[in-house]
Amino acid sequence: MSTRSIWEQLQHIAIVWTYQDEQQMRDFVKAIDALLLQKKFAHALIIVNIPKDLDKKTLPPHFLIYYNSPADYSLFGKLKDVQLEAELHKNYDLLLWFGSPDVKIKGLLHQTNIKQWLGINEVDPLFDMLLNTQQTTPAGQLEFIQHTLQRIQS
C-alpha cells in the first residue's frame, strides 16, 4: 500500500473545462499555465467544451488546449479532430472535470484509460470522487484541488 498522496503520484492528467465566457476562459488559461509551471506533469490533456455557435478562432490559442464543440463530431458521433483522438488513446492518472458532463466527449473519455475521475461541483455516476468548492475562480479551484489531493493518501 502506498503512503504517497494522490497529488504526489500524478504524472498524467486530463482536464475538462466548460466554457462560460471570454473572461472566465482567460482566467482559466492563466490558471492552467500557473499549474503547468510547476513542471509536475509528464503529460497533460486539456479539453474545453464550447458551444456550437462559438468560433474557435476567437478563443485564446494554447498548445495544450483542445476546444471541443458539438460541430467536431460526425453524424454518427465520431470525433473529427485526429489530434485529440490520438490524445484519447493515451493513459491518464486523473481526470478533473469542471462543469456539466458533455455526453459526446464523456463517452470518448470513458473509452480512454483513466485511473480516477474527479468531478468538481458536479455529480455524475462516472466520477470516482466528487469535490465541492466555494472557489469561483479557476486559479482558486485548481489550488483547492491540489491542496485536497495532497492530503488524500492513495
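**Close-up views of a predicted model**

**View 1. A lysine charge over a tryptophan ring.** The charged end of K40 lies over the ring of W7, at 5.6 Å from the ring centre. The contact comes from a predicted model, as do the other views here.

**View 2. W17 and F98, a tilted aromatic pair.** Across the whole structure, a search picks out five aromatic pairs. In one of them, the ring centres of W17 and F98 are 4.8 Å apart; the planes meet at 50°, so the pair counts as tilted. W17 belongs to strand β1 (residues 12-18) and F98 to strand β4 (residues 91-98), so the pair ties together parts 81 residues apart in sequence. Are these two residues buried or exposed? W17 is buried, at 4% relative accessible area. F98 is buried too, at 5%. A cluster forms here as well: W17, F28 and F98 make up one aromatic group.

**View 3. W97 and F127, a second tilted pair.** The ring centres of W97 and F127 are 6.3 Å apart, with planes at 50°, so this pair is tilted. W97 sits in strand β4, while F127 sits in the loop between β5 (113-120) and β6 (129-131). The pair therefore ties together parts that are 30 residues apart in sequence. W97 is buried, with a relative accessibility of 0%. F127 is buried at 8%, under the 20% cut-off.

**View 4. Strand β4 and its partners.** How many of the eight residues of β4 are buried? Seven are, so the strand is largely enclosed by the rest of the structure. On one pairing, β4 meets β1 in the parallel sense, over four bridges. Within that pairing, A14 has L95 of β4 as its bridge partner. On another pairing, β4 and β5 run parallel and are joined by seven bridges. Here N91 has N113 of β5 as its bridge partner.

**View 5. D93 and K115, a salt bridge between strands.** D93 forms a salt bridge with K115; their closest N and O atoms are 3.5 Å apart. The pair links distant parts of the chain, with D93 in strand β4 and K115 in strand β5, 22 residues apart. Which side of the pair is buried, and which is exposed? D93 is buried, at 14% relative accessible area. K115 is exposed, at 63%. The strands that carry them, β4 and β5, are the parallel pair joined by seven bridges.

**View 6. E22 and R26, a salt bridge within a helix.** By the rule used here, the structure holds five salt bridges. In one, the side chains of E22 and R26 meet at 2.7 Å, N to O. Both residues lie in helix α2 (residues 22-36). They are four residues apart, so about one helical turn separates them. E22 is exposed, with a relative accessible area of 52%. R26 is partly exposed, at 36%.

**View 7. D72 and K56, a salt bridge between loops.** The side chains of D72 and K56 meet in a salt bridge, 2.6 Å from N to O. Where do the two residues lie? D72 is in the loop between β3 and α3, and K56 is in the loop between β2 (43-49) and β3. They are 16 residues apart, and the pair links distant parts of the chain. D72 counts as buried, at 13% relative accessibility. K56 is partly exposed, at 30%.

View 8. S69 lies in the loop between β3 (65-68) and α3 (82-87). S69 is buried, with a relative accessibility of 4%. Which residues does S69 contact, leaving aside its neighbours within four places in sequence? The contacts are I50, P51, K52 and K56. Among them, K56 is also the salt-bridge partner of D72.

Notes: Residues numbered from 1 in each chain as written. Predicted model: local features only at pLDDT ≥ 70, side-chain atom pairs only at ≥ 80, totals over all residues. Heavy atoms only, no water. Phe/Tyr/Trp six-rings, centres within 6.5 Å; stacked < 30°, edge-to-face > 60°. Buried < 20%, exposed > 50% of the residue type's maximum accessible area, 1.4 Å probe, protein only. Lys NZ or Arg CZ within 6 Å of the ring centre and 35° of its normal. Pairing = 2+ DSSP bridges. Contact = heavy atoms within 4.5 Å. Salt bridge = Lys/Arg side-chain N within 4 Å of Asp/Glu carboxyl O.
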